[in-house]
Amino acid sequence: TRLVKPSKGKIYLGDIDIHSITHKEIARKIAVVSQSLPVVPMTVNEFVLLGRVPYRTGVQFLENRHDASVAHEAMIMTDTLRLKDSYLSGMSGGEVQLAFIARALAQEPTVLLLDEPTSHLDITQQVRILDLIRSLNRNRAVTVVIILHDLNLASEYCDRLVLMEEGSIRKSGKPQEVLTYQNIEEVYKTVVVVERNPLSGKPFVLIVSGEVRQKCTT
C-alpha cells in the first residue's frame, strides 16, 4: 500500500514497481480493510460508493450508473443492502465492519488486504464473510492476504499460513504444517491440543484451561 517504505529491495504489483504508479492506480488494484474502523457521518450507501472514487475521471465528481451497480452488488454480497440508508454512527461494530468490507469490494480489487476482518462479528457473520472472501479468491482470482488471531478460522479458510512471532516469521506452509501443538505452544506459550476437523481434515486447536492443566499435573 506504500504506507511503509521498504528499507531495502522493491515491492512489485505483478511486474510493476508500486513506487512507479499513482495512488489511483494502486487503489484500483489493492483494497484494504484495516483493524481501526473510524466511524464517519455517512450512510452505508454513500460510504460504499467511496470505493468507486479511484475509477472517476478527471472531471467526474459523482458516481455513474455502473458505479452504483458495483456498490449495490458489494452491499448484497456483504448483507449490508438492508442498511444502505443507515448512518454508520448508529450501527453496531459488526455492521460497520461489514460496511468497510463492502467498500473494499466496490473497488473491484485484484488484491485484498484484511486486518482482522472478523473481529467484531458473531460466528454466523464470520462464516458468511470468510465464505465470501474465499469465493472471491476461487472464482474471481482475487489474491487475499489476511491477518487472523483465531487459529481455527485461519486453519479452515487459508491455503497457506505464516505464523509470526515478534515481527519475524516462525513457520510458514500449509495449515497442517504450521498448526502443530509444538509450534503453537512455543509461540503462544500456552498448552493446546491439536485435533483434526472430521469434515475438512484441517487442524483444529483446542485450548487447555489452567484448571484442567492443574488437574492433569496433580
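**Stop one: two rings**

There is one aromatic pair in the structure. To find the pair, select Phe47 and Phe100: their ring centres sit 4.7 Å apart. Their planes meet at 55 degrees, so the pair counts as tilted. Keep in mind as you look that this is a predicted model.

Phe47 belongs to helix α2 (residues 44-49) and Phe100 to helix α4, so the pair ties together parts 53 residues apart in sequence.

**Stop two: the core**

Next, show Val44, Val48, Phe100, Leu105 and Leu112: these have the most contacts inside the largest nonpolar core, which has 46 residues. Then zoom in on Val48. Beyond its neighbours within four places in sequence, Val48 touches several residues, including Ala71, Met75, Ala99 and Arg103.

Apart from this core lies another one, of six residues; Ile21, Ile26, Ile30 and Val111 are among them.

**Stop three: two helices**

Finally, select helix α3 (residues 65-77) and helix α5 (residues 123-140). Their axes are 11 Å apart and they pack at an angle of about 130 degrees, and the two are therefore oblique to each other. Show side chains where they meet: Glu73, Ile76 and Met77 from α3, with Arg128, Leu132 and Arg140 from α5. This contact has three nonpolar and three charged residues, and no polar ones.

Technical notes:
Residues numbered from 1 in each chain as written. Predicted model: local features only at pLDDT ≥ 70, side-chain atom pairs only at ≥ 80, totals over all residues. Heavy atoms only, no water. Core = buried A, V, L, I, M, F, W, Y, C linked by side-chain atoms within 4.5 Å. Buried < 20%, exposed > 50% of the residue type's maximum accessible area, 1.4 Å probe, protein only. Contact = heavy atoms within 4.5 Å. Axes fitted to C-alpha atoms, helices over the stretch in contact; angles between N-to-C directions. Helix = DSSP H or I, 4+ residues; strand = E, 2+ residues; numbered from the N terminus. Parallel < 35°, antiparallel > 145°, perpendicular 65-115°, else oblique. Nonpolar A, V, L, I, M, F, W, Y, C, P; charged D, E, K, R; others polar. Phe/Tyr/Trp six-rings, centres within 6.5 Å; stacked < 30°, edge-to-face > 60°.
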